[in-house]
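Work through the exercises below with the coordinates open. Each task is followed by a stepwise solution.

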Amino acid sequence: MPPPVPESVLSEGLAGREGASVRETFELFSAVAPKGWRVELIEGAIYGVPPANGEHEEIVTEVVEQVIARRVDRELRNFTGIGLSLPGATDTVRVIPDLVIAPKGSFADQREWHAPDPVLLVTEVTSTAGRDRVEKSRAYARAGIPVYLLIDREAGEAVVCSGPSGDDFGHKSVHKLGTQVPLPALLGFTLDTAEF
């Protein structure tokens, strides 16, 4: 279940908005969300995600550092806080992954929400495990993102999903946290999850 949106957000922004569409409500929630909160739209549902805890951010930072140190293509960059606009089953999906890897300059415009075309990898570190495992995985596959790396803290696993096809990934490899996790050739290195 998603964390509740603070009462102040509802009272400040939704007064007089009866009959607003899901998209309008999403835009409104995004505009009035407390600092540090992320608002995402997934398959017609709006989720308010509170700021991450320290363990979550330590893992994201470690993945970023390893990508910087080990990437083969020096033009690849790490992006955090980038909004992606993905195709949904019924409507557009708007998500903010924990980490996006794409070529330098991929998001050099002024837009808030970006097409997934240049994205090579998205990473989610579970804070809302069910949504990260199911809805976001489906959305990333549907968008054709080549690699989805899920660091599942609850299960103690790193799941590397590749070969997007339809609503799923054709290949999934599951690794216990604390082991070496090979990433697909387009990234060209192994992630050391013992550092998490």
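Buried here means under 20% relative accessible area, and exposed means over 50%. The model is predicted.

**Exercise 1. State what share of the residues is buried, and describe the surface.**

Step 1. Buried residues account for 43% of the 196 residues.
Step 2. The accessible surface is about 9,400 Å².
Step 3. Carbon and sulfur atoms hold 51% of that surface.

**Exercise 2. Check the radius of gyration against the globule rule.**

Step 1. The rule is 2.2 Å times the number of residues to the power 0.38.
Step 2. For 196 residues, a compact globule would come out near 16 Å.
Step 3. The protein has 17 Å, which agrees.
Step 4. Now take the box along the principal axes: the C-alpha atoms fill roughly 55 × 30 × 30 Å.

**Exercise 3. Trace the pairing from strand S9 through S10 to S11.**

Step 1. Start from the inventory: 4 helices and 13 strands.
Step 2. S9 (residues 147-152) runs antiparallel to S10 (residues 157-165), with 6 bridges joining them. Leu 149 faces Val 160 across this pair.
Step 3. The S9-S10 hairpin has 4 residues between its strands. Gly 156 sits in the turn, with a positive phi of about 65°.
Step 4. S10 also pairs with S11 (residues 168-176), antiparallel, over 8 bridges. Glu 157 stands opposite Lys 176.
Step 5. The S10-S11 hairpin leaves 2 residues between the strands. Gly 166, in this turn, has a positive phi of about 65°.

**Exercise 4. How far apart are the mean positions of the positive and negative charges?**

Step 1. Count the charges: 19 positive and 29 negative.
Step 2. Their mean positions lie 3 Å apart.

How values were computed. Residues numbered from 1 in each chain as written. Predicted model: local features only at pLDDT ≥ 70, side-chain atom pairs only at ≥ 80, totals over all residues. Heavy atoms only, no water. Pairing = 2+ DSSP bridges. Buried < 20%, exposed > 50% of the residue type's maximum accessible area, 1.4 Å probe, protein only. Areas by Shrake-Rupley, 256 points an atom, 1.4 Å probe, with all protein chains shown as cover. Lys, Arg positive; Asp, Glu negative; His and termini not counted. Charge placed at Lys NZ, Arg CZ, Asp CG, Glu CD.
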